[in-house]
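Please find below a colleague's note on the model under review.

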Amino acid sequence: MQQVHVAKSDLTNAELVDADAGPLADGAVRLAVESFSVTSNNVTYAVVGDGFGYWNFFPAPEGKGIVPMWGHARVIESNCPDVAVGERVYGYLPMASHLDVVPGKVTAGGFVDTAAHRQPMSPIYNQYSRLAADPEHDPSREGERMIFGPLFKTGFLIEYFMRSENWFGADQLVITSASSKTAMGLASVAKHRSPSVRRVGLTSAGNVEFVKASGLYDEVLPYDAVGDIAARPSVSVDFAGSSNLLRAVHSHLGDNLKYSCLVGVTHVEERGAGTDAIPGPTPTLFFAPDHAVALFKEVGPEQAGQLMAQCWAGFLGDCGNSVTIERHAGLEAARKVFVDMVGGAVDPAKGIVIEP
């Protein structure tokens with residue numbers, strides 16, 4: 001099998017390597033990776049990989065890591081009587097050609113990978129949907145699900161959290177890296193579920209027209225126009241990870257900034273040493289898996305699924321055609337796209353799907 005190994009100390013240093021899959025363990029299933037998307041979310045997994053355990057899902061040699069992806073795979077070998085060869089699944093996959101999982105809690109709709117090394121991490125990432133009985137699966141929208149699905153759910157959870165806190169008394173939402181897919185997910189859910197909250201998107205000058213054309217924001221500003229944000233009670237959600245930009249937002253809004261939320265890192269080279277010196281509310285990291293678990297406990301998995309499905313349909317109506325899906329064959333293409341994305345060199349109007 002093949003894998004892409006990334007140097008943890010230099011994310012632009014990635015290499016395609018051959019690895020021995022070895023014999024399939026008792027109770028295990030071997031998946032052939034069919035397709036996955038590469039988005040800024042995957043860059044975030046790598047940037048915070050050590051702190052949040054993302055490198056631990058798919059072990060690699062010392063100093064190296066295998067970046068997690070969301071995508072589709074097919075069972076090509078099975079030592080598990082409940083999972084048949086030939087069936088397809090959707091879930092967390094490595095940037096690789098194959099993955100062995102150990103199915104547990106098997107139902108018609110899915111299973112959990114019970115491999116020992118994955119148990120310390122959030123259970124959200126260990127679940128695999130069996131596509132034959134997956135209500136979210138639409139064969140014509142597999143590309144959109146890989147590109148937008150996990151990012152959309154993070155946006156959904158942010159809006160749910162903010163609304164449950166009555167938006168901290170704010171009536172304006174300021175979103176950085178507004179062209180990112182997670183930001184667009186948040187903006188879409190807020191548009192439909194919290195229409196009274198004004199949505200302001202900050203983005204690079206080159207992406208302003210793309211973001212405006214999405215129709216998701218009440219106002220779109222380039223990064224150098226932070227001073228034009230209306231001075232009104234606000235919450236900020238930072239997807240960019242630039243400490244200079246975050247400081248500018250905090251300084252401009254001053255006492256009007258009621259809550260500062262950090263999600264992901266798209267500006268890797270600008271993430272800086274921290275946010276200790278930034279004035280105003282302490283920026284608080286949003287860890288989506290914890291909020292997902294809290295949501296399931298609060299309303300139950302069935303209602304949570306219904307809420308997400310409803311908002312997902314709205315998001316597809318808003319954004320489903322906002323990107324052109326670009327398909328690339330082979331893991332070498334995946335390696336190159338990931339390195340380009342670390343450097344910020346991927347057009348937000350393109351959705352990248354890799355077919356190993």
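The numbered points below refer to a predicted model.

1. Helix H8 spans residues 301-319 and has 19 residues. From its first C-alpha to its last, H8 reaches 26 Å, close to the 27 Å expected at 1.5 Å a residue.

2. The buried residues of H8 are Ala-304, Leu-307, Met-308, Cys-311, Trp-312, Phe-315, Leu-316 and Cys-319. As a general rule, an α-helix has 3.6 residues a turn, so residues three or four places apart point the same way. The cover over the buried residues of H8 includes helix H3 (142-164), helix H4 (181-193) and helix H7 (288-299).

3. The packing of H7 against H8 has an angle of about 115 degrees, and the axes are 7 Å apart. On the H7 side, Leu-295, Phe-296 and Val-299 meet Pro-301, Gln-303, Ala-304 and Met-308 of H8. By class, this contact of H7 with H8 comprises 6 nonpolar residues, 1 polar residue and no charged residues.

4. An open sheet is formed by 6 strands with parallel pairing, in the order E13-E12-E11-E14-E15-E16. Strands E13 (219-222) and E16 (284-285) stand at the edges with a single partner strand each, so one side of each is left without a neighbour in the sheet.

5. Leu-262 stands opposite Leu-285 in E16.

6. Helix H6 (residues 243-253) lies across strands E11 (172-175), E12 (198-203), E14 (234-238) and E15. The direction of H6 is at about 170 degrees to E15.

Methods:
Residues numbered from 1 in each chain as written. Predicted model: local features only at pLDDT ≥ 70, side-chain atom pairs only at ≥ 80, totals over all residues. Heavy atoms only, no water. Helix = DSSP H or I, 4+ residues; strand = E, 2+ residues; numbered from the N terminus. Expected span 1.5 Å × (residues − 1). Buried < 20%, exposed > 50% of the residue type's maximum accessible area, 1.4 Å probe, protein only. Contact = heavy atoms within 4.5 Å. Axes fitted to C-alpha atoms, helices over the stretch in contact; angles between N-to-C directions. Nonpolar A, V, L, I, M, F, W, Y, C, P; charged D, E, K, R; others polar. Pairing = 2+ DSSP bridges.
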